[in-house]
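Here is a short report on one protein chain. Look over the sequence and the structure before reading on.

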Amino acid sequence: MSKGTRCLALVFFLLGVAAPAVLAVADGLLPNGNFAQAPGKSQMSGAVVTGRYAIPCWEISGFVEYIQPGHKEGDMILAVPEGASAVRLGNDATIRQTISVIRQMHYSVSFMAARSCAQAEKLNISVGDEFGVLPVQTVYTSTGWDTYSWAFKSRHATVSLGIHNTGVEEDPACGPLIIAVAIKTLTPPHRPKGNMLRNGDFELGPYIFPSTPWGVLVPPILEDINSPLSGWMVMSDTKVVKYVDAPHHKVPQGARAVELVAGRECALLQEVPTVIGWSYRLSFSVGDAANGCSGSLAVEAYAARGTLKVPYESHGTGGSKPAVLEFTAIANATRVVFQSSNHLMKSDATLCGPVLDDVFLVRVRKPAARRRLRL
């Protein structure tokens, strides 16, 4: 039985209104996560959804529209891909789904969203008391659709996942469009033998929709506890890093890597225990994702007082080179930080940057013992 069929079958009735059941989820689309199952015509007024449980498997509140390809808003056609369906979250609108998860497990949520007519659109995604406000005003693809990610730790076996438009516009319909919502279980980040960093190969990260060639945006996250990019933090006010995969990009090693698309406005970092006075070697690979990002790319690495700028001349066709930074620890914890040196754009005017992968940190040597002076 498909997820969609199961969703329709496992419903209960509350106060005479069909409400979605609590559904166990596996990695991939949530039940009706692509909104392929439409509301009934009796629960819509034009494009506006009027029934609280009208969209199968979802609960809604506020100004929510169900949008299909070719839908016009005044003189503007909303860019819903052919064959897809979308919900548009207008003023104070929320879509919510209750799902069954494993307690104390970490999960990452990925969703595809696009702006419509508001200028500073933001989405608040939440599970229980945990939430994150994700800015969606910067567009990173030529299609206008980006995939965003957010992570949480399940406190209970049943959780309510909500996506809420925080904006209030003069036009109540103005707000982001969403065409797909998926989830992925995040295994605890590991330190491979000899590597002091967790998830230095970036193999543990958010769900990437197989049909999308643009990767997943990892938003600012100031703690790595619930980061969708396991083990790593993203430091910025509004900008992101992009998580890319080998089926759609060239990555230096393995199946996943990170593209630093925001220049100096964003930093990727991880904090590791170190011993004051001991020497360490940080190695990593810098390249391009073969996505048309050509020009003078460069990654800057920082650790303790050590700095290194690694230039990479890109033709936008893929490739990478290794780099090494040696430093001496000056504290009991050291932040390993990576940034792109500059902003770059592809020919379609979308942001791009260097690819980072295969990050490895090892202890080189401890300081030589001081000899005692004999009297």
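## Surface and overall make-up

The chain has an accessible surface of about 17000 Å², and 53% of that belongs to carbon and sulfur atoms. Such areas come from the Shrake-Rupley method with a 1.4 Å probe; for residues, only the protein chains shown count as cover. This is a predicted model: local features need pLDDT of at least 70, side-chain atom pairs count only at pLDDT 80 or more, and totals for chains, interfaces and linings use all residues. Residues are numbered from 1 along each chain as its sequence is written, and side-chain values use heavy atoms, with hydrogens and water left out.

The chain holds one helix and 31 strands. Both are DSSP runs, numbered from the N terminus: helices are H or I with at least four residues, strands are E with at least two. Of the 375 residues, 52% count as buried. Buried means under 20% relative accessible area, exposed means over 50%, and partly exposed lies in between (1.4 Å probe, protein chains only). Take the contacts with a separation of 6 or more: 72% of them are between residues 24 or more positions apart. A contact means heavy atoms within 4.5 Å.

The largest nonpolar core has 40 residues. A nonpolar core is a set of buried Ala, Val, Leu, Ile, Met, Phe, Trp, Tyr and Cys residues joined through side-chain atoms within 4.5 Å. Phe202, Leu268, Leu282, Phe284, Phe338 and Val359 touch the most other members. Apart from this core lies another, of 39 residues; among them are Ala54, Val101, Leu123 and Leu351.

What does leucine 268 contact, leaving aside its neighbours within four places in sequence? Its contacts include Phe202, Leu229, Trp232, Met233 and Val234. They also include Val258, Leu260, Val336, Val337, Phe338 and Leu356.

## Aromatic pairs

A pair of aromatic rings is described by the distance of the centres and the angle of the planes. Rings of Phe, Tyr and Trp (its six-membered ring) pair if their centres lie within 6.5 Å; planes under 30 degrees apart count as stacked, over 60 as edge-to-face and the rest as tilted. By this rule there are nine aromatic pairs. Phenylalanine 111 and tyrosine 148 have ring centres 5.9 Å apart and planes at 25°, so this pair is stacked. The pair links distant parts of the chain, 37 residues apart: phenylalanine 111 is in strand 13 (residues 106-114), and tyrosine 148 is in strand 16 (residues 146-153). Phenylalanine 111 counts as buried, at 0% relative accessibility. Tyrosine 148 also counts as buried, at 2%.

Tyrosine 207 and phenylalanine 209 form an edge-to-face pair, 5.3 Å centre to centre with 90° between the planes. Both tyrosine 207 and phenylalanine 209 are buried. Ring pairs also link Phe202, Trp232, Phe284 and Phe338 into a cluster.

## The disulfide

How many disulfides does the chain have? The count is one. A disulfide is a pair of cysteine sulfur atoms within 2.5 Å. Here cysteine 293 is joined to cysteine 352, with S to S at 2.1 Å. The torsion about the S-S bond is about 75°, so the disulfide is right-handed.

Cysteine 293 is buried, with a relative accessible area of 0%. Cysteine 352 counts as buried at 1%.

## Positive phi in two loops

Most residues other than glycine have a negative phi. Asparagine 32 has a positive phi of about 50°. Its place is in the loop between strand 4 (28-29) and strand 5 (44-45). Asparagine 32 counts as buried, at 5% relative accessibility.

Phenylalanine 202 also has a positive phi, of about 60°. It lies in the loop between strand 18 (177-186) and strand 19 (216-218). Phenylalanine 202 is buried, with a relative accessible area of 0%.

Strand 21 (residues 241-245) is mostly covered, with five of its five residues buried. In a regular strand the side chains alternate between the two faces of the sheet. Val241, Tyr243 and Asp245 are on one side of strand 21, Lys242 and Val244 on the other, and all are buried.

Two strands pair if DSSP finds at least two bridges between them. Strand 19 and strand 21 run antiparallel, joined by three bridges. Leucine 217 has lysine 242 as its bridge partner in strand 21. Strand 21 and strand 22 (residues 256-259) pair in the antiparallel sense over four bridges. There, the bridge partner of aspartate 245 is arginine 256 in strand 22.
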